[in-house]
Amino acid sequence: MAETLQNLLLGFSTALTAHNFFYAFMGCLIGTMVGVLPGVGPLAGISLLLPSTFGLDPTGGLILLAGVFYGAMYGGSTTSILMRIPGEAASVMTCIDGYAMALKGRAGPALAIAAIGSYVAGTISVVGLMFLAPPLARFALRFGPPEYFSLLALGLLVLGYMTGGSMIKNLAMIILGLLFGMIGIDHMSGYFRFSYGIVALGDGIGVVPVAVGLFGIAEILATAGNPLRPDVLKPKLKDLLPSRQEFRDSIFPIGRGTILGFLIGIIPGSAHIISTFMSYAVERRVSKHPEKFGHGAIEGVAGPESANNAASCGALVPMLALGVPTGPVPAVLLAALMIHGINPGPLFIKEQPTIFWGLVASMYLGNFMLLLLNLPLVGIFINFLRIPYRILYPIILMFCIIGVYAVNTSFVDVGIMSVMGVLGYLLRKFDFETAPVVLGVVLAPIIEMSLRQSLAMSNGAYIIFIQRPISAVFLGASLVMIFLAVKPLVWKRKDWRERLAEAEKKS
Amino acid sequence: MKTTRIHWVVIVLVCLGAMNFLLGKALAEEPYPTRPVQIIVPFPPGGVADLVARPFATALEKHLKQPVVVVNKTGAGGAVGMQSAAVAKPDGYTLMVALSSISVMPEVDALFGRPSTYKLKDFASIALLTADPTILAIKKEAPWKTLADFVADAKKRPNEIKYSSSGVYGTMHVAMEMFAHSAGIKLRHIPTGGGGPALTALLGGHVDCLSGGPNVSIPHIKAGTLRVLANWGDKRLPALPDVATMKELGYKDVEFYIWSGFFAPAATPAGLIKILREATAKAVQIPDFKAAMEKMETPIYYLDAPEFQKFWDSDAERLIKAVRNIGKAQ
């Protein structure tokens with residue numbers, strides 16, 4: 001404990017030097033902007049900034065880039081809540097209830113709770129990073145393909161709770177997403193699937209163009225097709241902060257989102273997106289009023305927004321403790337260190353205490369700065385809604401296109417986004433939820449890869465999923481989920497879906 | 001309306017063509033470079049090629065006296081970026097830093113009977129920048145003390161020892177299969193999504209070994225979590241002087257490098273290639289660049305165009321043979 005305090009002191013003395021403080025601030029500021037702009041996600045932002053850090057010292061460079069990463073999680077909620085356009089892929093879930101809140105004139109509280117939830121999650125996760133990084137990272141390594149597959153199988157079952165409305169429509173959307181996810185090179189054999197000779201499709205369909213297309217472009221199209229000129233929402237100043245009841249409703253979702261996000265974040269993979277879906281599903285499952293979800297439940301904003309922040313911090317755990325990049329963003333952060341001749345490995349924290357503790361301290365400062373930065377910004381962002389749509393939407397459309405193009409400098413991605421935009425528009429007109437499609441696209445490659453890797457490991461024996469303890473626990477939990485789902489059939493009690501249908505009939 | 005537009009396009013094109021013809025001679029003698037030069041890296045930021053290209057671009061700038069910009073054009077394991085460099089205007093302003101996988105992809109395409117996105121002949125070589133042999137890394141607790149132990153065990157238990165790779169027909173896969181073929185053993189291949197995940201799989205004990213670049217494994221070797229049985233190069237590595245090469249251990253035909261080279265589109269005029277070769281020869285001497293590469297455990301291994309071409313030809317021959325031996329995955 002004393003040692004940790006001493007280290008933390010060293011960290012703050014590093015992070016509070018004028019230039020490192022400046023880098024943390026710049027990182028958070030750029031991160032917020034990257035998050036706010038639709039399409040441009042943290043990966044694109046960090047990749048574009050990476051070369052500019054070569055001239056800095058390694059600590060400053062890492063502080064700057066990490067700031068962009070967690071700062072983007074703050075900014076991502078803004079356009080999701082105000083315009084139903086996800087600022088980055090991890091904010092797709094926020095669109096659903098955040099936008100519903102905005103329609104009710106509660107955009108201010110939604111933005112505020114997203115910032116507060118992010119702050120709480122970010123700060124608690126840094127504590128986790130500080131005390132638990134080495135043991136957690138070793139635990140994360142035990143997550144091999146079989147564990148990952150079982151976790152995602154459980155995840156898919158939880159998804160039944162994710163969205164309201166018709167179960168059949170939701171399942172159809174998940175399947176559609178999974179089908180999109182099958183496009184591209186088969187990583188186990190090298191065959192191209194459904195690529196129709198387009199080389200760029202060999203990599204499959206990215207999450208960013210799908211999310212921006214299905215939500216952003218579809219929203220713009222739907223607004224344009226609206227015969228009535230939509231009312232510009234003009235919230236009053238006193239409506240900017242959450243009410244006492246909204247605060248009370250958000251405490252537990254923020255707490256659960258933080259823990260869930262941090263744990264899922266540690267696991268190798270693009271976890272920060274999955275963590276938001278999981279958090280939303282969990283909130284809906286435990287809520288006493290699941291029927292409110294989708295119609296502006298603040299829990300549906302607080303949970304996922306906390307989860308993605310905690311996950312971004314969790315993703316740094318294996319990278320810093322073991323030098324293992326578990327996702328594309330940590331890989332770029334690792335490169336930022338390697339270019340300075342620092343090759344993080346299991347001894348990184350011991351050998352480079354200044355960098356590690358400097359980063360930890362900068363994350364405490366950075367999260368606080370982001371809160372200070374984002375709460376006043378709520379008042380400014382709200383004013384975006386005053387801009388007439390004919391001016392606002394073309395600008396957003398431009399940012400969507402630039403953002404999606406920038407991720408891979410690929411026109412094919414812009415094409416995918418456009419097709420998804422039209423598809424999303426049609427799906428909305430026919431009353432289908434589009435969030436499950438995005439999730440399917442995220443999950444399909446991971447589920448397929450982990451299933452086939454597991455079977456390659458066991459030479460085709462399915463027993464590997466039960467032999468490995470972590471995997472067996474997840475499968476056991478899945479069985480419990482199935483049992484819970486079947487229970488109402490046996491005990492003849494109404495499940496929440498039926499109550500939901502009734503509630504919707506009444507309204 | 002539409003026809004007039006097409007007319008205009010045709011007229012403009014014809015004018016441009018005529019101008020090109022008239023100016024052709026003058027252009028050839030124009031000084032180069034007069035505007036920023038772009039280096040395409042067909043892999044994402046932070047990858048091996050990117051980490052070589054960026055400090056190299058900075059070093060090159062000093063001699064070309066023009067900004068040298070690195071552009072990551074990723075997709076399909078590098079095929080997208082390599083194709084775009086292959087068809088780029090051969091004016092010396094679009095160049096490429098690519099990895100040894102450049103020789104593998106057309107062969108894999110041929111194997112699957114699909115049209116290749118580029119041919120090796122599409123590129124003119126300028127220089128070899130780095131060449132790291134892969135190393136055979138195993139967990140500290142693994143039972144094998146020497147490569148002979150490993151091979152003996154693999155012969156006893158065919159298809160039981162698992163290795164991870166960055167992906168099918170990727171460098172880590174081809175290197176390991178080249179060795180397995182030479183040693184007459186069969187190992188079980190677990191492809192993952194990249195070098196990082198492959199290393200994670202080994203560290204987590206989900207596979208038994210891998211053949212990967214030394215730079216990412218060295219911290220784990222220093223920390224004692226990984227051990228090394230052999231190296232695929234023709235010389236021992238300065239960073240790992242105790243590790244014998246495959247050749248020393250009796251596998252004469254096993255040689256594999258993850259190398260990075262500097263290329264231009266094939267039709268680039270010889271005069272421009274010469275300028276670029278001279279600038280590269282000077283750039284690799286810059287102490288900052290040298291130090292940066294050494295700190296990354298990816299030391300510079302410079303070969304000028306003629307030697308590089310020879311190196312590339314013999315390397316491509318080995319790789320193509322290895323890919324044919326692997327054949328199509330079941």
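Q: What distance separates the centres of domain 1 and domain 2 of chain B, taken over C-alpha atoms?
A: This is a predicted model, in which local features need pLDDT of at least 70, side-chain atom pairs count only at pLDDT 80 or more, and totals for chains, interfaces and linings use all residues. Residues are numbered from 1 along each chain as its sequence is written, while chains are lettered from A and ligands numbered from 1 in the order in which they are written. Chain B is divided into domain 1 (35-132 + 258-326) and domain 2 (135-231), with bounds that come from an automatic or database domain assignment. Between the centres of domain 1 and domain 2 of chain B, the separation over C-alpha atoms is 27 Å.

Q: Which element gives the largest share of the side of domain 1 of chain B that touches domain 2 of chain B?
A: The contact (C-beta atoms, placed from the backbone, within 7 Å) takes 16 residues from domain 1 of chain B and twelve residues from domain 2 of chain B. On the side of domain 1, two or more residues each come from helix 4 (101-111) and helix 11 (305-326) of chain B, where helices (H or I, at least four residues) and strands (E, at least two) are DSSP runs numbered from the N terminus. The largest share, five residues, comes from helix 11 of chain B.

Q: Which are the edge strands of the six-stranded open sheet in chain B?
A: The strands of this open sheet in chain B follow the order 2-1-3-10-4-11, with mixed pairing, where two strands pair if DSSP finds at least two bridges between them. An edge strand pairs on one side only, and this holds for strand 2 (68-72) and strand 11 (300-304) of chain B.

Q: What is the radius of gyration of chain A?
A: The radius of gyration is taken over C-alpha atoms, and the globule rule is 2.2 Å times the number of residues to the power 0.38. With 507 residues, a compact globule would have a value near 23 Å, which agrees with that of chain A, 22 Å.

Terms used:
Contact = placed C-beta atoms within 7 Å.
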